[in-house]
Amino acid sequence: MNADLSTVLGYGGAVVLFATTALVLLVRADLAPAAGLGAVLDGGGKWFLGAALGAGVIAFSLKLVIILTLSSFPEQTIAPLVPPPATAMVSAESPDAFAPSADAAPGHVWKALPPVAPSPPDNPATPAKVSLGQRLFHDPILSIDRTVSCASCHDLGLGAGTDRRATAIGVTHVPGRRNAPTVWNAAFQARLFWDGRAGSLEEQAMGPPLNPDEMGMPSAQAIEERIGADASYREAFAQAFGDDRPVSMRRVVQALAAFERSLITADSPYDRFVSGDAEALGPGQQRGMWLFQAVGCVMCHSGANFSGASLIGPRNPYAPLLASRSPLARSHGLGADKGRAGEAAADGIWRIPSLRNVALTAPYFHNGAVGDLSEAVRVMATTQLGAVISNDPGLRRVPRWSAAEERFRVVDRLVLSEQDIADIVSFLNALTSDSLSRGAARIP
């Protein structure tokens with residue numbers, strides 16, 4: 001029993017005993033004579049008044065008994081009335097996690113991906129602009145030695161919008177620091193690049209041509225002069241932007257962005273399932289979908305694009321990758337690059353990527369160090385959720401000593417079995433576009 005509570009009960013018992021004794025003496029010796037009610041309270045009248053005044057003492061005594069019972073037998077009295085805790089993301093300072101709960105994200109609503117992405121007011125999409133952007137995307141004219149195009153790192157067909165390398169390789173033929181994300185459905189992202197430093201597709205498209213390790217062009221002016229020297233490009237820019245508008249870097253990135261906004265894959269089994277096709281997902285995929293919500297994956301990978309950094313759905317663009325508390329994550333070198341965080345930080349901070357077509361975009365993470373989707377799920381479970389990967393259900397409840405409370409307390413930990421991992425991976429496979437999975441993506 002809690003020491004403070006024992007003290008209260010001890011004082012309470014003494015008060016009851018004292019009050020009972022005092023009540024008897026008060027009624028018989030003082031209260032009745034003082035009120036001039038000696039004749040009225042003769043005989044049974046004194047006992048009636050004593051009983052009435054003693055009701056308060058009795059009620060107080062009953063409260064003490066109830067408190068004593070609840071504190072002495074909490075498992076039998078209190079525990080059955082307390083609902084299980086909802087699943088929550090835990091901090092690096094608290095290693096405890098929680099068991100899955102169906103109500104982990106009660107407000108979460110599953111949505112299909114819209115077939116059209118929004119365009120900014122200053123860059124509305126037109127067929128001529130999209131066609132120009134497609135040409136620029138595949139043309140190595142934007143690189144210093146004309147060997148690297150946007151499509152070199154973002155293969156729209158076989159690479160599902162990536163280059164399938166751990167990290168991108170540019171004109172210097174030296175591997176870069178980070179993995180090339182897919183451009184499919186990037187139109188729905190509010191933040192671009194792994195560290196989220198770009199706030200639009202236009203801003204993102206400005207970076208690679210001028211990056212010395214990627215496409216290596218010395219300046220925007222050099223790009224304008226090179227493209228402007230091509231008569232067919234001058235005609236295409238005139239059709240897309242108007243005859244009186246010359247080739248400019250601003251319009252180069254606007255055309256590229258317009259094309260990328262046409263790269264939408266809203267044709268996955270998941271999209272059909274949430275749109276009413278109950279047979280689109282198998283039992284294992286549906287269980288994986290439930291686990292994805294129950295253990296808390298949707299806290300970051302939310303909305304129809306499965307990313308908190310998206311234009312649609314809840315906005316939660318950044319999250320720490322808690323590699324410092326996961327030996328598995330550290331074994332893949334995921335703690336070396338800190339992203340948006342300072343180099344002295346314990347863990348890096350990253351833009352939350354979309355999980356659309358994730359089964360086709362290996363290798364994973366910012367350094368491309370994980371080549372298997374099941375392993376990527378294990379990494380995320382151990383880092384972000386503090387989960388234990390084991391087939392032993394006995395690991396869910398473990399004792400932890402609390403020095404402050406001077407007692408053990410039982411902690412519910414999140415334990416995921418290999419079957420749980422397999423079901424989550426099965427669900428993630430259901431986010432794959434039918435056209436991309438057939439290797440027959442329709443490129444506008």
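Trainee: What makes α9 a mostly covered helix?

Mentor: In this predicted model, 11 of the 12 residues of α9 are buried, where buried means under 20% relative accessible area, exposed over 50% and partly exposed in between, with a 1.4 Å probe and protein chains only. Among the buried residues are R251, V253, F259 and E260. The cover includes α4 (127-138), α5 (150-153), α6, α7 and α8 (231-241). Helices are DSSP runs of H or I with at least four residues, strands runs of E with at least two, numbered from the N terminus.

Trainee: On what terms are such values computed?

Mentor: The model is predicted, so local features need pLDDT of at least 70 and side-chain atom pairs count only at pLDDT 80 or more, whereas totals for chains, interfaces and linings use all residues. Residues are numbered from 1 along each chain as its sequence is written, and side-chain values use heavy atoms, with hydrogens and water left out.

Trainee: Why are the buried residues of α6 said to lie on the same side?

Mentor: The buried residues are L201, E202, Q204, A205, P208 and P209. They cover an arc of only 160° around the axis, which puts them on the same side of α6; the arc is that of the directions from the helix axis to the C-beta atoms. These residues pack against α7 (220-228) and α9 (249-260).

Trainee: Why are β4 and β5 called paired strands?

Mentor: Pairing requires at least two DSSP bridges between two strands. β4 (residues 397-402) and β5 (residues 407-412) have six, in the antiparallel sense.

Trainee: Which residues have the most contacts inside the largest nonpolar core?

Mentor: They are W110, F292, F306, F427 and L428, in a core of 39 residues. A nonpolar core is a set of buried Ala, Val, Leu, Ile, Met, Phe, Trp, Tyr and Cys residues joined through side-chain atoms within 4.5 Å. A second, separate core of 35 residues includes L132 and V253.

Notes:
Contact means heavy atoms within 4.5 Å.
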